[in-house]
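Biologist: Could you take me through one part of this model at close range? I would like to hear about the aromatic pairs, and then about whatever surrounds them.

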Amino acid sequence: MRPEYSSSNSPSERHVPDPRLTQEATTWFMRQGAPDFSILERAQFESWKRRSPAHALAYDHVRALWNSPDLERAANLVAATSKVILGRRPVQSRWRWISTAAAVLLLAGIARWNGDLLTRLEADHRTGVGEQRVVTLPDQSVVTLNTNSAIAVRYGPDRRDLRLLRGEASFNVRPDRARPFTVESRGVETTAVGTQFLVRAGSEDVLVTVLSGSVQVADRKAPTADAFRLAAGDQVSLGPDGAGPIAKVDTAASAAWLQGRLVFVRTPLADVVRELDRYHRGYILIWNPALQSLPVTGIYHLSDPSHIFTTLADTLPIHMARLTDHMIVIR
């Protein structure tokens, strides 16, 4: 284990656009070139870009890399592996699909590769996409890492500090009142004595869910760094604007991934895709924006993520195309 780490954002968080935002930026970039790009969509795009500096950064990277020679090489690669699926489409339409696939593979791939490389240097324990791992710490506390997650660990005589570098983890804490157990992620500190809780680092926010016992949460980025307590069944999201309202949630659904399942109840398709993409070794695009709000309800098993997409295509009014082994387009 590494003896020290900084509580500030890692280099990957400061300099590498979030892969999820890169995907969204690429979709918006492609949509702007479509003849049916509406005034309403234009307003939605401008609102998306202004949502945070991270959104604007992701879009700037897409625009800067669009004319890169690497994109042409990626497009040729996608075209070579897409002939069966796209062979009957008109040339202009086919190139538009290929360009979209190539852009996502190139841009999101660059962001993920850079972020993963930097995280590897900091992490004591990590998982790959679609992998879960149980880690027993020196005090017999247990951490379960979800897909594509990483933690750094620092134990001392009077404290137990961990940092969630990316992804999501469950923390089942062994009681020790003399040594508080604290998980930090993007300036948000969650402290427990003996409890089980989840911490998830999103593209912009940190989500804390308490499964049993209670925890104290403090946002060190906030001007006053106020701390508050969460009890079992409480969940709170902390983003650039501070903490949102504390909500009561179904802890069984929130922690379903620990049993290899995902639970959705009238969840918009866009949110479902964002969740599934965490377990998918590739990239997923919703080509038709009108489908983003389509409600999805169901329990899906993570043992075969690719089968989940087939089930969605069979049960929802959508069409799914696999452009490559790693690229899925929903339209």
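This is a predicted model: local features need pLDDT of at least 70, side-chain atom pairs count only at pLDDT 80 or more; totals for chains, interfaces and linings use all residues.

Searching the whole structure turns up five aromatic pairs. Let's begin with phenylalanine 171 and phenylalanine 197, whose rings are stacked, at 5.3 Å centre to centre and with 25 degrees between the planes. This pair connects distant parts of the chain, since phenylalanine 171 belongs to strand β5 (residues 159-172) and phenylalanine 197 to strand β8 (residues 196-201), 26 residues apart.

A second pair joins phenylalanine 264 and tyrosine 300, and here the arrangement is tilted: 5.9 Å centre to centre, with 50 degrees between the planes. This pair, too, links distant parts of the chain, with phenylalanine 264 in strand β15 and tyrosine 300 in strand β17 (residues 295-301), 36 residues apart. Both phenylalanine 264 and tyrosine 300 are buried. Elsewhere, ring pairs tie Trp28, Phe45 and Tyr59 together into a cluster.

With a relative accessible area of 61%, valine 265 is exposed, whereas phenylalanine 264 is buried.

Next comes helix α9, which runs over residues 269-277 and is mostly covered, with seven of its nine residues buried. Among those buried residues are Leu269, Ala270, Val272, Val273 and Leu276. The list also includes two acidic residues, Glu275 and Asp277.

Glutamine 140 has a phi near 75 degrees, a positive value in a residue other than glycine. This glutamine sits in the loop between β2 (133-136) and β3 (142-145). Its relative accessible area is 48%, so glutamine 140 is partly exposed. Arginine 186 likewise has a positive phi, about 55 degrees, although it is not a glycine. Arginine 186 lies in the loop between β6 (181-185) and β7 (188-192). What does its accessibility tell us? At a relative accessible area of 19%, arginine 186 is buried, because the cut-off for that class is under 20%.

Finally, here is the setting for all these details. The chain's secondary structure consists of ten helices and 19 strands. Of its 331 residues, 47% count as buried. Among contacts with a separation of 6 or more, 54% come from residues 24 or more positions apart. The chain exposes about 16,200 Å², and carbon and sulfur atoms supply 53% of that area.

Notes: Residues are numbered from 1 along each chain as its sequence is written. Side-chain values use heavy atoms; hydrogens and water are left out. Buried means under 20% relative accessible area, exposed over 50%, partly exposed in between (1.4 Å probe, protein chains only). Rings of Phe, Tyr and Trp (its six-membered ring) pair if their centres lie within 6.5 Å; planes under 30 degrees apart count as stacked, over 60 as edge-to-face and the rest as tilted. Helices (H or I, at least four residues) and strands (E, at least two) are DSSP runs, numbered from the N terminus. Contact means heavy atoms within 4.5 Å. Accessible areas come from the Shrake-Rupley method with a 1.4 Å probe; for residues, only the protein chains shown count as cover.
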